[in-house]
Amino acid sequence: MAQASGGAARPVLEVEGITKAFPGVVANDDVSLTLNQGEIHCLLGENGAGKSTLVNMVFGLYRPDQGTIKVRGEEVHFEDSGDAIARGIGMVHQHFQLIPVFTVAENIILGNEVTKGAFLDLDSARRQIDSLAERYGLAVDPDATVGELSVGEQQRVELVKALFRDADILILDEPTAVLTPGEVDDFFGVVESLTGQGKSIIFITHKLREVLAVADRITVLRAGRVVGTATAEGATQQSLANLMVGRDVVFRVDKGEADPGAPVLRTQGLRVADDRGVETVTGFDVEVRAGEIFGIAGVEGNGQRELVEAVCGMRPTAGGRVEMLGQETTDWSPRKITELGVAHVPENRSKHGVVAQYTIADNLVLNRYHHRKFSQRGVRNTAAINAEAQELVEQFDVRTPGVDAVIDTLSGGNQQKVIVARELTGDIKALVVAQPTRGLDVGSIEFIHRKIIELRDQGVAVLLVSAELDEILSLSDRIGVLYRGRLAGTVNAADATREELGLLMATGSSEGQR
Amino acid sequence: MNGARNANAGIGRAAGQVHRVLTEAWRLQPLYVSLYAILLSFVVGGVLISIIGVNPFTAYWALLRGMVGGGDEIAGSLARSVPFIGSALALAFAFRAGLFNIGAEGQLLAGGVTAAYVGALSWMSDLPGIVAIPLILIAGTMGGAIWGGIPGVLRTKTGAHEVISTIMLNSLVLFGVRWMVNSRDPVVLRDTESTVPRTDPISDTAVLPELVDSQPVLHTGLFALVGICFVVAFVLKRTTFGFEVGTVGLNPHASHYAGINVNRVIVASMAASGAFAGLAAASEISGTNGFFQPGTFFLMGFDGIAIALLARTNPVAIIAAALLWGSMLSGAPLMQQEADVSIDVVRIIQAMVLLFVAADAIVRYLFRVRELDQSPFKATSVEGAV
């Protein structure tokens with residue numbers, strides 16, 4: 001590993017006091033970071049902590065609201081990623097930016113084509129690629145078609161692509177998230193050979209073991225702020241987990257003891273595949289009783305989305321069964337499940353939760369426009385719809401000029417309140433909520449949390465899925481950690497510690513040894 | 001050098017202003033842009049006519065008189081416009097469900113041939129008109145609905161895109177009916193006593209009553225098609241089914257989440273679209289032709305696309321757009337006769353109308369991409385990827 005310590009450390013990248021806000025959320029708040037020559041600097045934090053926002057600014061994809069970025073001591077203002085590339089910054093995104101039907105060589109030269117007259121000079125490109133590959137131990141076949149390569153090989157192509165553009169500051173956004181354990185070890189070898197030859201690396205991850213294995217220095221982000229820096233020698237998984245999830249409770253939700261009743265929602269050996277056909281829920285068993293909130297914690301991408309969609313009928317199951325209210329509801333249609341009394345606050349607000357061009361009133365009846373109250377003999381009763389909307393807008397404190405306002409004109413928090421208002425009213429017996437407060441302001445978060453607890457106290461069974469550990473801890477009565485599509489462990493919320501959950505989330509076991 | 005760059009920047013800014021003005025106009029008054037497109041097309045058409053050496057005002061005056069210069073002209077223009085209403089609705093309805101039905105051409109043929117077949121059945125002459133006429137119209141409507149429904153089914157079952165499948169079905173039905181009507185051995189639908197290839201004449205009882213003996217004949221099919229426009233407007237605006245169609249069109253994911261049967265809506269919308277084309281064809285068979293000839297409906301479906309886009313898929317505006325379209329075609333011969341300007345000039349003007357309407361959509365599309373780049377897009381990435 002490179003010499004991070006000692007007087008020879010020369011900063012190649014200095015980020016000073018960066019602030020970046022998006023509507024409704026401050027993604028980065030006065031963040032500073034220094035990357036030294038030949039160093040591996042890990043950026044650690046939970047989902048939503050602001051890691052990607054930060055590196056996207058360094059790579060010229062976003063512009064900071066405040067603060068400066070210096071490359072090799074010189075202040076820079078990137079207009080786009082082209083400017084960043086010109087300064088020797090390369091980025092490997094979490095989702096590869098490759099064209100599957102092109103060859104490795106074609107992908108690497110894309111946008112930076114080596115030409116001879118009007119023709120591509122693939123021979124010379126191939127030679128350059130081979131020499132880069134040899135120098136850094138990145139075995140790639142320039143003539144292979146990218147679509148036929150494994151994920152690990154595709155990642156090497158991305159690295160060569162960045163090196164081909166003379167990058168010496170490399171940003172790797174969750175590079176190991178998609179790799180198998182064996183590939184991860186190979187990858188670490190490559191990373192060390194890169195820094196050995198003078199490249200500097202920003203490595204984004206939320207996997208503690210990896211941080212300790214490769215990092216020279218570590219910066220921990222939480223809710224957009226730097227909450228700590230450490231060296232690999234001085235840190236332990238435990239200390240990093242503490243920093244990452246934080247000790248301060250942001251929201252103390254007042255709630256009484258749960259009084260759980262009969263089981264309402266149960267899954268047995270549930271298996272579900274994602275859009276690519278990969279099974280991401282791999283045998284999930286849970287039982288949620290009336291009057292309790294069962295929180296599902298976990299790093300995103302461990303099957304949460306597919307689990308929720310399968311339970312609510314939006315996605316076919318690949319195996320196992322779902323029971324709700326004493327009936328087997330496996331692969332029922334969303335309409336049938338809704339009519340049974342199961343409400344669903346979807347994870348993706350704009351894709352599933354609302355029709356952006358519709359009014360607030362129409363969005364409030366999106367799943368019950370056909371009920372007799374709102375439609376007689378196939379004709380919509382606009383008066384009844386508006387009256388209902390008016391009532392819900394008041395009851396749920398939606399800040400809007402009127403129920404006939406197009407919902408897209410509202411802030412994210414108010415849109416979410418509309419969804420919550422729609423889902424949490426009526427005769428519901430079970431509630432499935434996914435990321436209910438993502439990107440919302442403090443007031444909306446508290447409001448939504450209170451509503452969920454109210455429902456629990458009325459005897460509704462609540463399945464809560466959230467990437468926010470705080471939210472899980474403050475709302476849940478029992479907590480299960482989802483790791484690679486199954487429950488890694490279930491704990492009573494009263495006994496749960498952040499440390500234990502953090503380890504379960506990151507490693508799938510409370511010893512943290514996996 | 002510098003001046004040129006400044007001029008370029010100036011033009012760019014001016015174009016940006018125009019885009020913004022257009023975009024605003026679009027949002028506030030959707031049909032304003034269509035009127036603007038029509039005006040612009042006539043201006044460019046006028047330039048074209050003067051290049052040929054004719055005074056454009058003379059030509060347009062003749063065209064106008066050909067369109068609405070007298071009772072017969074008005075009736076003829078109306079008659080010419082009636083079927084366009086149906087073929088435009090065929091695009092517009094599916095469009096509301098997020099589908100691009102460019103199969104009206106084929107759906108007209110399927111509806112027309114079914115109507116002609118049913119209308120010529122021997123027992124039709126035993127029925128009173130009050131039964132026979134609805135029967136022939138229903139038959140045509142069903143024929144169109146089935147031909148329109150097939151791409152809907154293909155879309156939901158196999159994922160085949162309706163643009164591709166409707167084009168294919170257009171060819172299939174075109175050559176299919178051509179063969180059925182032409183063939184003498186075996187005789188399928190050909191009227192063997194006729195020297196031109198056409199089907200047997202329909203029963204007299206199945207003929208829609210005539211309103212004006214104009215060229216072409218103005219018949220009571222006018223009421224059916226205008227009425228349908230208002231029905232469609234009501235369905236889309238006020239009914240539960242219309243709400244489902246609009247929801248699927250705007251956000252199929254949210255529709256699925258909200259419990260709407262998206263596949264059922266897609267098939268029903270495509271079938272309804274085909275039904276409107278089928279009805280238009282049946283009313284022509286019954287009210288104008290009295291038999292089926294494939295050439296009757298040539299380009300009528302594609303004109304329907306232009307009309308529907310001109311009317312911004314608003315069913316009531318379609319009536320006006322179809323009237324404009326039909327009367328321009330109906331008035332063109334007088335322009336040719338009096339000002340010696342080819343009928344094709346009207347076709348060119350119509351093509352330009354569509355071009356300007358479509359080009360405006362392209363501008364809007366480009367503009368939206370730029371807009372997305374500013375904040376909303378990045379706001380979404382915050383949710384997804386921070």
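Rings of Phe, Tyr and Trp (for Trp, the six-membered ring) count as a pair when their centres lie within 6.5 Å; planes under 30 degrees apart are stacked, over 60 edge-to-face, and the rest tilted. By that rule, a search of the whole structure turns up 11 aromatic pairs over all chains. This is a predicted model, so local features need pLDDT of at least 70 and side-chain atom pairs count only at pLDDT 80 or more, while totals for chains, interfaces and linings use all residues. Residues are numbered from 1 along each chain as its sequence is written, chains are lettered from A in the order in which they are written, and side-chain values use heavy atoms, with hydrogens and water left out.

**Aromatic pairs in chain A**

- A:Phe188 and A:Phe203 make a tilted pair, 6.5 Å centre to centre with 50° between the planes.
- That pair links distant parts of the chain: A:Phe188 sits in helix α6 (residues 181-196) and A:Phe203 in strand β10 (residues 200-205), 15 residues apart; helices (H or I, at least four residues) and strands (E, at least two) are DSSP runs, numbered from the N terminus.
- A:Phe188 is buried at 9% relative accessible area, and A:Phe203 is buried at 0%; buried means under 20%, exposed over 50%, and partly exposed in between (1.4 Å probe, protein chains only).
- A:Phe396 and A:Phe447 go edge-to-face, 6.1 Å centre to centre and 75° between the planes.
- Here A:Phe396 comes from the loop between α13 (382-395) and α14 (412-424), and A:Phe447 from helix α15 (residues 442-457), 51 residues apart.
- A:Phe396 is buried with 2% relative accessible area, and A:Phe447 counts as buried at 12%.
- A:Phe187, A:Phe188 and A:Phe203 form one aromatic cluster.

**Charges over rings**

- The charged end of A:Lys417 sits over the ring of A:Phe447, 5.3 Å from its centre; the rule wants NZ of Lys or CZ of Arg within 6 Å of the ring centre and within 35 degrees of the ring normal.
- In chain B, the charged end of B:Arg198 sits over the ring of B:Phe291, 4.4 Å from its centre.

**Where chains A and B meet**

- Chain A puts 40 residues into the contact and chain B 26, with contact meaning heavy atoms within 4.5 Å.
- About 2800 Å² is buried between the two chains, 59% of it from carbon and sulfur atoms; this is the accessible area (1.4 Å probe) that two parts lose on being put together, summed over both.
- On the chain A side, A:Tyr358, A:Tyr369 and A:Arg380 lose the most area to chain B, together 20% of what that side buries.
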